[in-house]
Amino acid sequence: MPLSILDLVSISDGSTARDAIAASMKSAQLADQLGYRRLWFAEHHNTPNLAASATALLISQAASVTERIRVGSGGVMLPNHAPLMVAEQYGTLANMHGDRIDLGLGRAPGTDMMTAQALGRSSAEPQAFAQSIYDLQGWFGDGTAHSMPIVSAVSAGTNVPIWVLGSTVNGAAIAAQLGLPFSVASHFAPDQLDAAIRTYREMFSTEAPTAQIDRPYVMAGINVMVADTDEEARRQFTVVEQMFLDLQRNRRRKLQPPVDPESLKGQGGGDEPMLRIKAVGAPHTVKTQLDEFVDRTGADELITVTYAYDPAVRDRSLELLAKSWF
């Protein structure tokens with residue numbers, strides 16, 4: 001079972017975006033050495049604690065400092081972008097870094113509505129989304145879009161693989177009908193996890209003109225924090241719990257240091273429902289929890305999400321997880 005990583009390039013209190021990007025690139029090199037399958041960067045805007053905004057630039061830098069690991073987007077929120085520009089960017093990445101680039105696509109804004117307007121966001125309707133994917137595949141193939149006679153020389157022949165990201169039954173149905181691999185965002189939107197995976201597998205079609213795989217392929221997201229003891233991992237996991245508590249309270253802060261887990265319960269936090277898909281503990285504890293998640297979902301691949309106030313804690317988690325899993 002391959003393990004992958006989703007990085008949102010978190011910015012800790014007292015640090016800068018520059019610091020966060022540098023730490024992210026160091027972690028990318030470690031993940032490459034440890035044997036993780038792929039490293040994806042998310043797209044977020046108007047978020048003070050995340051530096052994952054210009055996804056293609058982060059991918060290019062990470063690919064430059066690694067050798068084996070696949071690097072991609074988890075994902076590009078396609079309605080925020082002109083599809084031709086996406087084709088040109090990811091075609092350029094493939095030409096620069098070879099066959100290690102993935103293009104994960106989502107329909108969500110990745111931000112608030114005001115910022116979405118500033119980005120020039122277009123329709124996120126399934127039909128428009130599917131047409132954009134069809135055109136992207138044309139630009140990655142012979143270089144010509146299927147719906148218009150526009151050529152993209154820089155992306156032609158790169159055949160960048162496309163994934164559909166989603167968290168609901170609707171997103172799963174789109175991925176299935178397009179015949180594309182599906183990455184389910186269960187790490188922050190777990191409510192429809194089982195129904196989404198079931199829908200994807202039941203509706204999967206190899207007959208769509210966009211189909212690029214011959215059977216369903218599911219990559220499921222899970223929050224992970226591994227430490228030397230269960231207690232220390234639980235304490236470190238309060239970093240992301242505080243972040244989600246801040247979201248509920250509309251409090252705009254960078255990542256905060258870990259705290260006593262019991263102290264969050266007094267603030268109305270702890271055991272956040274959006275974070276219930278998680279594996280937190282010592283290596284043997286996390287291994288058991290991941291095995292249970294695989295049994296539940298039948299996922300073909302897991303993509304892990306780890307927030308840490310101290311980048312060294314995140315890197316230690318990556319190391320402990322790799323040693324217990326691979």
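1. Ground rules. The model is predicted: local features need pLDDT of at least 70, side-chain atom pairs count only at pLDDT 80 or more, and totals for chains, interfaces and linings use all residues. Residues are numbered from 1 along each chain as its sequence is written, and side-chain values use heavy atoms, with hydrogens and water left out.

2. Strand β1 (residues 3–7). Helices (H or I, at least four residues) and strands (E, at least two) are DSSP runs, numbered from the N terminus. In β1, 5 of the 5 residues are buried, so the strand is largely enclosed by the rest of the structure. Buried means under 20% relative accessible area, exposed over 50%, partly exposed in between (1.4 Å probe, protein chains only). Both faces are covered: L3, I5 and D7 lie on one side, S4 and L6 on the other.

3. Pairing of β1. Two strands pair if DSSP finds at least two bridges between them. β1 pairs in parallel with β9 (residues 301–305) over 3 bridges. I5 faces T304 there. β1 also runs parallel to β2 (residues 38–41), again with 3 bridges. In β2, the residue opposite I5 is L39.

4. Helix α5 (residues 126–140). Its 15 residues should span 21 Å at 1.5 Å a residue, and its end C-alpha atoms are 21 Å apart, which agrees. The expected span is 1.5 Å times one less than the number of residues. Buried residues of α5 include F129, I133, L136, W139 and F140. Their cover includes α3 (83–97), β4 (101–106), β5 (162–166) and α6 (169–178), with contact meaning heavy atoms within 4.5 Å.

5. Second largest pocket. On a 1 Å grid over the protein atoms alone, a cavity is a set of points where a 1.4 Å probe fits but cannot get out; a pocket is an open set with protein on both sides within 12 Å along at least five of seven lines; lining residues have an atom within 4 Å of a point. This pocket has a volume of about 160 Å³. Of its 14 lining residues, S10, S12, A23, Y309 and P311 lie nearest its centre. α1 and α12 (311–325) each give two or more lining residues.

6. Largest cavity. Its volume is about 150 Å³. The lining has 17 residues, with I5, L6, D7, T306 and R314 nearest the centre. α1 gives the largest share, 4 residues.

Note on methods:
Grid points are joined across faces, edges and corners, and a volume is the space filled by probe spheres set on the points.
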